[in-house]
Amino acid sequence: MSNLLYHAYLPENHDHHVSLEEIMNDGIKSSTKSNNRYSNGGIVKFEITELLRPSNTPDWLNFKEAIGVDITNRFSKSFCFPIFTDKILVFDGDISLSIYDQAFYEDLKDFDEEAFNFDTGETIEHWIKLYWDSMMTLEEYLIKKPYTKSELLIFESIPKDIIKICEE
């Protein structure tokens, strides 16, 4: 297992493309456009997520500041960097997807017939509680690997001086 993490370096014609120059000058922040390519179940219904936040979660956990990363290089070209912080948490990506689906349904069911295709049959609160329950450190995740689809979030900016380009 590599000690590298990866963040998408998307092609120029992609909506979330960020130039190499921008990353090498500024690093990767939660506001970096390519971060929109990653799921973040904690931000979907932020107020409810915060209301259901377990009392033992670290103070630094702020979904509005999270950066999505991958544990493997899933693209032909990615930004890569060593694990540099312990402020990395992993969530069950399938639960995150259910949060997105249920939120879409609840927000649009009165206006868009297609929204009914996204009703999970459970409340958004149900999914958010499961999301919180799925939270683990990167270290725990690497030992157990319990999720078929993981959602890795770093809760601090990635410094420019540790970022490189990794190609398949």
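Colleague: At about what angle to S4 does helix H5 (residues 124-134) run?
Modeller: This is a predicted model, in which local features need pLDDT of at least 70 and side-chain atom pairs count only at pLDDT 80 or more, while totals for chains, interfaces and linings use all residues. Residues are numbered from 1 along each chain as its sequence is written, and side-chain values use heavy atoms, with hydrogens and water left out. Helices (H or I, at least four residues) and strands (E, at least two) are DSSP runs numbered from the N terminus, and axes are lines fitted to C-alpha atoms, for helices over the stretch in contact, with angles from 0 to 180 degrees between N-to-C directions. On that basis, helix H5 lies across S4, S5 and S6, and its direction relative to S4 is about 135°.

Colleague: Which strands stand at the edges of the sheet?
Modeller: Pairing requires that DSSP finds at least two bridges between two strands, and by that criterion four strands form an open, antiparallel sheet in the order S2-S6-S4-S5. Two of these strands have a single partner each, so one side of each is left without a neighbour in the sheet; they are S2 (67-69) and S5 (136-137).

Colleague: Which residue in S6 stands opposite Val69?
Modeller: S2 pairs with strand S6 (residues 150-154) in the antiparallel sense, over three bridges. Within S6, the residue that Val69 faces is Leu152.

Colleague: What angle does the direction of helix H4 (residues 93-108) make with that of S4?
Modeller: Helix H4 packs on the sheet and touches strand S4 (88-92) as well as S6, where contact means heavy atoms within 4.5 Å. The angle between the directions of H4 and S4 is about 70°.

Colleague: Is S4 largely enclosed or open, and which of its residues point the other way from Ile88, Val90 and Asp92?
Modeller: Five of the five residues of S4 are buried (under 20% relative accessible area, with exposed over 50% and partly exposed in between, using a 1.4 Å probe and protein chains only), so S4 is largely enclosed by the rest of the structure. In a regular strand the side chains alternate between the two faces of the sheet. Here Ile88, Val90 and Asp92 point one way, and pointing the other way are Leu89 and Phe91.

Colleague: Which residues of the largest nonpolar core touch the most other members?
Modeller: A nonpolar core is a set of buried Ala, Val, Leu, Ile, Met, Phe, Trp, Tyr and Cys residues joined through side-chain atoms within 4.5 Å. The largest such core has 20 residues, and those touching the most other members are Leu5, Ile28, Val69 and Ile158.
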